[in-house]
Amino acid sequence: MITTKNITKYFGSFQALKDVSFEINKGEIVGFLGQNGAGKTTLMRILTSYLPASSGTVMIDGDDIARNSLTIRQKIGYLPETPPLYENMTVKDYLKFAAEIKDVPLKQQRCQIDRVLEECHIQNVKHNTIETLSKGYKQRVGIAQAIIHEPKLLILDEPTSGLDPVQNLQIRNLIKDIEEKRTVILSTHILSEIEQIAHRVLIIKSGRIIVDESLEILLKTPDDAQGTQPTLEEVFIKLHSESNENYE
Amino acid sequence: MNKVFAIAKKELLTYFKSPIAYIILILTITIFNIFFFMIIDQNREVSLKDVFQVMEFMFVFLVPLLTMRIFSEEKSTGTIEFLMTAPLTNTAVVLGKYLGALIFFSIMISMTFVYYGIVEYFGNPDRMTTLTGYLGIWLEGAFFLSIGMMTSSWTRNQIVSAMTSYVILFLIYFSISFTAYFRGPAEIVIRQLSTWSHLENFAVGIITVGDVVYYLNGILICIVLTRLSIENRLWR
């Protein structure tokens with residue numbers, strides 16, 4: 001589904017991504033993990049063709065992102081870190097606009113809007129202006145926007161930040177429901193969440209991928225010191241302190 | 001093409017869903033009304049020629065207020081990321097946004113048709129001059145809008161966007177005042193650059209190819225530059 005080769009990204013002289021290569025197969029749920037500023041968002045922005053990579057290639061579903069960006073964008077649903085909402089539109093108008101610009105055929109627009117309203121549990125606010133909604137609702141409208149054109153690939157940048165535990169659970173269930181049909185990439189720094197939904201994790205540290213492993217294998221590798229199975233949190237913290245030492 | 005209309009519709013929707021659109025329309029027409037009364041009261045002439053001149057001058061101040069948010073707001077709220085990752089060409093985004101602004105501006109202009117009704121009722125104005133006069137100020141406004149949209153694509157700050165378009169509009173509008181200090185080709189260039197020299201003809205009922213080309217070219221150049229600045233993302 002996704003193949004990236006040696007992506008690097010410079011912002012001025014700052015190198016945000018260093019030689020990032022990975023492959024993601026169809027139907028996988030992959031979690032991007034990393035500290036703040038590690039390059040997760042930059043990587044996602046490159047995959048969604050919002051930012052061009054400084055070098056390297058990205059192939060999504062057989063198309064090169066540098067050449068066939070438009071066809072690729074039709075296949076991607078993207079939720080940026082802050083949900084991109086037009087505050088003074090109503091939820092329904094906003095979703096209609098999203099459907100229009102994402103090539104949903106005119107005849108299907110209405111049923112697609114109804115579908116996402118239901119899937120994201122935002123039926124009851126569909127006539128409200130977006131600026132009056134609480135953060136959790138805004139986040140769900142953001143997800144609704146991302147899945148309105150039934151994309152093959154869903155990219156979610158911190159989809160659960162700022163939500164209460166119940167909403168958190170709802171969104172996790174939503175992602176699990178989606179899983180059967182499509183590939184999902186999500187980033188978060190709430191590690192327990194990843195443990196529950198992802199199949200595979202990519203841990204990014206200062207622009208480099210330091211772990212690319214299926215979750216099962218990662219968590220089965222016994223911890224040297226204690227000989228018990230570590231949690232993802234322990235693995236994460238260990239990796240980050242380890243490589244700090246390496247740099248010093 | 002459908003997507004261009006979808007974006008234009010969204011632009012208008014965001015205007016009219018908030019009170020901003022109505023406030024702008026009412027205040028603008030109020031300003032125009034005051035000038036209309038003053039001019040008619042003073043000139044006692046059944047012609048809208050001077051009214052058009054004042055409207056043109058007011059556009060220099062009004063248009064940046066309409067256009068400053070076009071791209072700047074999308075950038076500061078992050079919705080630009082939504083537009084740029086949707087399957088839309090940059091051209092469609094720019095054209096859609098321009099069309100939206102143009103429709104709003106046309107609604108604003110059309111509210112002044114009532115002036116023509118008033119002079120028609122009390123006298124016998126020259127219909128042709130009024131018509132060409134309207135075409136002139138509409139083209140002028142359309143040109144100013146494209147300049148405003150261009151400056152809006154350069155920055156995420158609405159105030160900076162408005163101030164930049166004020167500078168450009170003032171330079172273009174008043175460049176004719178500088179002609180006295182230049183000779184030869186430089187003088188001609190500066191004279192032709194000024195919107196003053198082009199709007200004159202429309203106001204007296206003459207449509208020349210040169211004037212129409214001036215405005216259409218200006219609009220085209222600004223739209224192309226806007227598209228380039230969106231594409232290059234200079235603002236990142």
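I will go through a helix pair in chain B and a sheet in chain A.

This is a predicted model, with an ipTM of 0.85 and a pTM of 0.89. In chain B the average pLDDT is 89, and 98% of the residues score at least 70.

Now the helix pair. Helix 8 of chain B, residues 127-152, packs against helix 12 of chain B, residues 209-232, at an angle of about 15 degrees, and the axes are 9 Å apart. Angles under 35 degrees count as roughly parallel, so helix 8 of chain B is roughly parallel to helix 12 of chain B. Their crossing is left-handed. On helix 8 of chain B the contact residues include B:Leu139, B:Phe143 and B:Ile147; on helix 12 of chain B they include B:Gly218, B:Ile219 and B:Cys222. By class, this contact has eleven nonpolar, three polar and one charged residues.

Next, chain A. Here six strands form an open, mixed sheet in the order 6-7-8-3-9-10. Strand 6 (76-79) and strand 10 (208-214) of chain A are the edges, each pairing on one side only. From one strand to the next, the twist averages 15 degrees.

Within the sheet, strands 7 (153-157) and 8 (183-187) of chain A are parallel and share five bridges. A:Leu153 sits opposite A:Thr183 of strand 8.

What does helix 1 of chain A touch on the sheet? Helix 1, residues 40-47, contacts strands 3, 7, 8 and 9 of chain A, and its direction makes about 150 degrees with that of strand 7. Helix 5 of chain A, residues 135-147, also packs on the sheet, touching strands 6 and 7, at about 165 degrees to the direction of strand 6.

Note on methods: Residues are numbered from 1 along each chain as its sequence is written. Chains are lettered from A and ligands numbered from 1 in the order in which they are written. This is a predicted model: local features need pLDDT of at least 70, side-chain atom pairs count only at pLDDT 80 or more; totals for chains, interfaces and linings use all residues. Axes are lines fitted to C-alpha atoms, for helices over the stretch in contact, and angles run from 0 to 180 degrees between N-to-C directions. Helices (H or I, at least four residues) and strands (E, at least two) are DSSP runs, numbered from the N terminus. Angles under 35 degrees count as roughly parallel, over 145 as roughly antiparallel, 65 to 115 as roughly perpendicular and the rest as oblique. A crossing is left-handed if the near helix is turned anticlockwise from the far one by less than a right angle, and right-handed if clockwise. Two residues are in contact if their C-beta atoms, placed from the backbone, lie within 7 Å. Ala, Val, Leu, Ile, Met, Phe, Trp, Tyr, Cys and Pro count as nonpolar, Asp, Glu, Lys and Arg as charged, and the others, Gly among them, as polar. pLDDT is the predictor's confidence in each residue, from 0 to 100. Two strands pair if DSSP finds at least two bridges between them.
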